[in-house]
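Me: I would like to learn how to read the features of a structural model. Please go through them one at a time, with the general idea before the case.

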Amino acid sequence: MAGQDGKWQKEGSDQNFDYMFKLLIIGNSSVGKTSFLFRYADDSFTSAFVSTVGIDFKVKTVFRHDKRVKLQIWDTAGQERYRTITTAYYRGAMGFILMYDITNEESFNSVQDWVTQIKTYSWDNAQVILVGNKCDMEHERVISYERGKTLADELNIEFFETSAKDNHNVKAVFERLVDIICDKMSESLDSDPTLVAGTKGTRLTEQPQGPNNPNCSC
């Protein structure tokens with residue numbers, strides 16, 4: 001996995017997983033980040049969530065490419081007043097799910113700002129998938145699939161439309177993000193085998209350090 005310096009670290013042999021990936025779900029408030037996480041981690045859905053205060057996370061273990069991968073998935077607050085808190089967690093994140101709401105033009109227009117946040121606060125090899133959520137609300141759609149796909153292509157990232165309510169493409173997004181990270185890790189290790197360290201990686205209880213200044217449509 002990636003340490004705080006952005007290098008891959010394999011967990012010690014005493015752990016019951018091979019790698020741990022820190023993932024963040026980011027985007028404007030009310031685009032459905034919390035519902036998306038609960039659908040994936042607990043296979044549950046409710047529309048009654050209040051806005052996330054600060055940050056929260058869930059843990060899920062998956063098997064990909066014969067490896068046991070523990071996912072530490074952080075659900076971040078979208079409001080501007082929490083931005084300083086949430087960007088402190090970007091460091092060490094290996095993947096981002098950047099989400100907008102297909103029924104909300106402002107959330108789509110904010111995508112570029114979120115990309116800038118990622119570039120500012122995360123490490124260079126962080127992988128990103130753009131997600132247009134709430135595609136079950138077709139009658140309220142204001143952002144076409146084509147606009148989302150075009151933006152993703154311009155940003156050189158992959159794109160999915162999803163519905164946490166209908167459980168559409170939720171698992172696919174996480175699986176694809178893990179695969180992209182694994183592919184990048186494999187490429188990095190092939191080019192420099194010394195990147196795998198014998199030291200333990202990020203622990204679930206670790207407190208974040210301050211910001212490092214530095215497919216398918218419904």
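The dialogue below takes up the chain, its strands, its helices and its side-chain contacts.

Me: What kind of model is this, and how are residues numbered?

Reply: This is a predicted model, in which local features need pLDDT of at least 70 and side-chain atom pairs count only at pLDDT 80 or more, while totals for chains, interfaces and linings use all residues. Residues are numbered from 1 along each chain as its sequence is written, and side-chain values use heavy atoms, with hydrogens and water left out.

Me: How many helices and strands are in the protein chain?

Reply: Helices (H or I, at least four residues) and strands (E, at least two) are DSSP runs, numbered from the N terminus. The protein chain has six helices and six strands. Read from the N terminus on, the order of elements is β-α-β-β-α-β-α-α-β-α-β-α.

Me: How much of the protein chain counts as buried?

Reply: Buried means under 20% relative accessible area, exposed over 50%, and partly exposed in between (1.4 Å probe, protein chains only). By that rule, 50% of the 218 residues of the protein chain are buried.

Me: Which way do the residues of β4 point?

Reply: In a regular strand the side chains alternate between the two faces of the sheet. In β4, Gly95, Ile97, Met99 and Asp101 point one way, Phe96, Leu98 and Tyr100 point the other way, and all are buried. Seven of the seven residues of β4 are buried, so the strand is largely enclosed by the rest of the structure.

Me: Which residues of α5 are buried?

Reply: An α-helix has 3.6 residues a turn, so residues three or four places apart point the same way. In α5 (residues 145-155) the buried residues are Tyr145, Gly148, Leu151 and Ala152. Seen down the axis of α5, they fall within an arc of 135°, so they line one face of the helix. The arc is that of the directions from the helix axis to the C-beta atoms. Glu146 and Glu154 are exposed on the other side of α5.

Me: What do the buried residues of α5 pack against?

Reply: Contact means heavy atoms within 4.5 Å. The buried residues of α5 pack against β4, α3 (105-109), α4 (111-121), β5 (127-133) and β6 (158-161). Just after α5, Asn156 takes a positive phi of about 60°.

Me: Which residues of α4 are buried, and which are exposed on the face turned away?

Reply: The buried residues of α4 are Val111, Trp114, Val115, Gln117 and Ile118. Seen down the axis of α4, these fall within an arc of 155°, so they line one face of the helix. The face turned away from the buried side of α4 carries the exposed residues Asp113 and Lys119.

Me: With which side chain does Asn28 make a polar contact?

Reply: A polar contact is a pair of N or O atoms within 3.5 Å; within protein, one must be able to donate a hydrogen and the other to accept it, and residues adjacent in sequence count only if both atoms are side-chain atoms. The side chain of Asn28 makes such a contact with the side chain of Trp114 (2.8 Å). Asn28 is in the loop between β1 (19-27) and α1 (33-42), and is buried, with a relative accessible area of 13%.

Me: Is Ser30 buried or exposed?

Reply: Ser30 is in the loop between β1 and α1 and, at 54% relative accessibility, counts as exposed. Not counting residues up to four places away in sequence, Ser30 touches Asp101 and Lys134.

Me: How many aromatic pairs does the structure hold?

Reply: Rings of Phe, Tyr and Trp (its six-membered ring) pair if their centres lie within 6.5 Å; planes under 30 degrees apart count as stacked, over 60 as edge-to-face and the rest as tilted. The structure holds nine aromatic pairs. For Trp74 and Tyr89, the ring centres are 4.8 Å apart and the planes are at 45°, so the pair is tilted. Ring pairs also link Tyr100, Phe108, Tyr145 and Phe159 into a cluster.
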